[in-house]
Amino acid sequence: MRLWVMKSGICGLIRCMMNEKDIERLFKAHYTQMHRLAMALLQDGDSARDIVHDVFEALIGEGGNAEVTPGYLMRAVRNRCLNQIRNLSARERIANRYFLENRDYDEEQWPDEETMQAISGIIAGELTPQCRRVVELRFRTGMSYAEISAELQISGTAVYKHLHRALSIIRKKLKENG
Amino acid sequence: MDKYDLVLDIIGHPENFSQEQLKELLADKETREIYNLLCKTGSAVNHECDSPDVDAEWEAFKTKRLTGDGGNSAKPARRIKLTSWLSSRAASTAIVVGLSITSIAAIGIGIKMMSDRQQTAAKETVADVKPLAPAAAEGDTIQNAARQKPAPAEPIVFENATLETIMTAIGEYYGVSVRYANNEAKALRLYFRLDASLPLAEVIGQLNTFDRIDITLKDNTLTVN
C-alpha cells in the first residue's frame with residue numbers, strides 16, 4: 001500500500017549520500033574528457049569550463065546518484081553545450097564557428113574524436129609551414145584576416161589562399177580516408 | 001564565386017551579410033559542407049591545447065561552487081553546501097512519509113521486510129527510481145532527449161500513491177515543474193502506471209482520464225486544477 005512512499009524515502013536517502021569525496025572522485029576521473037568534449041563543441045576555454053562545473057554542481061543539487069556513469073556525464077556536457085548555443089542567431093553561430101543549426105551536431109555525429117585526430121594529422125603533416133601558421137593564427141588565436149596579414153607580412157589575398165588550400169586539402173584527405 | 005572563398009568571406013565578416021543571406025548561402029549543400037568542415041577544423045586546432053590541470057580545477061570548483069565562498073555572484077541561487085546533505089527533495093519526501101498516518105508502521109514493516117527477504121526489492125527500487133535522477137542532463141534536442149532517458153525498461157507502478165507523489169516523479173523525469181491550484185488534489189490517492197517512454201502529453205492524457213483530475217501543461221509547468 002504505502003510501500004512506494006516508503007521506498008522513495010529510502011531511495012531519497014541513498015541518493016543524497018553522494019558526498020564531496022564522491023564528487024571529487026568523479027571530477028578527477030572524468031574532468032579532462034568532459035572538458036575536451038565541451039571544448040570541441042564550444043571552442044572556448046571559459047565556457048567549456050563553466051559547463052563542466054555546472055554538470056558537477058547539478059549532481060550535488062539533485063542529490064546525486066550512486067551510479068553516475070561516464071556516459072551520463074558526457075551526455076550532460078553535450079546537452080548543456082547545445083542548450084547554450086540553441087538560441088544563437090546564424091550570425092552569432094558563424095562568428096563562433098558553430099554549426100548553423102543544432103540538429104547538424106547529431107546529423108554530423110560531431111564531435112567525433114577520430115575525425116578530429118585525422119584533421120590534426122593532416123594539418124601537421126600535409127600543409128606547408130606557412131599555411132599551418134595561418135590556420136593556427138586564425139583558429140587558435142582567433143586573429144582576423146587583416147591581423148594575420150600584418151603578423152606574417154603577407155597580403156590579404158595570400159591569407160585567403162592559405163586558408164583555401166588548407167580547407168581543400170583537409171576535405172580531400174578526409175574523403176580519401178573514408 | 002568559389003565556394004571556399006565564399007565560406008571564408010562569411011566567417012571573416014559575418015556582419016556583412018543579413019541573417020537571411022547567411023542561411024540562404026549556407027543552404028547550398030557544398031557550401032554547407034565546407035563551412036561545417038571549417039568548424040571542425042577549428043575544433044581540431046583548439047583541441048590540441050594542453051590538458052587542463054585537473055587538481056587545480058577541482059580546487060577552483062570546490063571554492064566556487066561547493067562552499068559558496070568564491071564570489072560567484074552571478075549565480076547566488078546555485079551555491080549549495082554539501083553539508084546540507086538532505087536535499088529539498090528528500091525533505092519533501094520525508095514530509096510525505098511523516099504525514100501519512102501509517103508511515104511509522106510502514107517503515108517498521110519495511111525494515112523488517114528489508115532484513116528478511118526483500119533486500120532484492122530494495123535494489124530493484126533503486127533501479128526503478130534511477131530514470132528520475134539524470135536531471136543534470138538537461139537538454140532537449142530530440143535525439144538527445146531520446147538518448148539521455150536511460151531506457152525506462154519497466155514502467156513505474158504507483159500503488160495507492162498520492163497525486164503529489166506521482167506528479168513529483170513525473171516532474172522530475174520530464175524536467176517540468178508542478179503547481180497546484182488547490183491542496184485537495186495533492187492528497188488524491190490512485191493506482192497509476194507511469195510509462196516514462198511515452199511523451200509527457202500522453203502521460204498527462206492518461207492522468208486526465210481520471211474524473212477528478214485535470215492537469216494542464218503550459219510553459220514547462222504542469223498545473224493541477
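At what angle do the axes of helix 8 of chain A and helix 3 of chain B cross? They cross at roughly 90 degrees and come within 9 Å. This is a predicted model: local features need pLDDT of at least 70, side-chain atom pairs count only at pLDDT 80 or more, and totals for chains, interfaces and linings use all residues. Residues are numbered from 1 along each chain as its sequence is written, while chains are lettered from A and ligands numbered from 1 in the order written.

**The helix pair**
- Axes are lines fitted to C-alpha atoms, for helices over the stretch in contact, with angles from 0 to 180 degrees between N-to-C directions.
- The two helices are therefore roughly perpendicular (65 to 115 degrees).
- Chain A brings Val135(A), Glu136(A) and Phe139(A) to the contact, and chain B brings Thr41(B), Gly42(B), Val45(B) and Asn46(B).
- Contact here means C-beta atoms, placed from the backbone, within 7 Å.

**Chain A**
- Chain A has ten helices and zero strands (DSSP runs: helices are H or I, at least four residues; strands are E, at least two).
- Of its 178 residues, 42% are buried (20 or more other C-beta atoms, placed from the backbone, within 10 Å of a residue's own).

**Confidence**
- The average pLDDT of chain A is 87, and 86% of the residues score at least 70 (pLDDT is the predictor's confidence in each residue, from 0 to 100).
- Residues 1-16 of chain A have pLDDT below 50.
- Where pLDDT is low, the predicted coordinates should not be read in detail.

Note on methods
Parallel < 35°, antiparallel > 145°, perpendicular 65-115°, else oblique. Contact = placed C-beta atoms within 7 Å. Buried ≥ 20, exposed ≤ 12 C-beta atoms within 10 Å, placed from the backbone.
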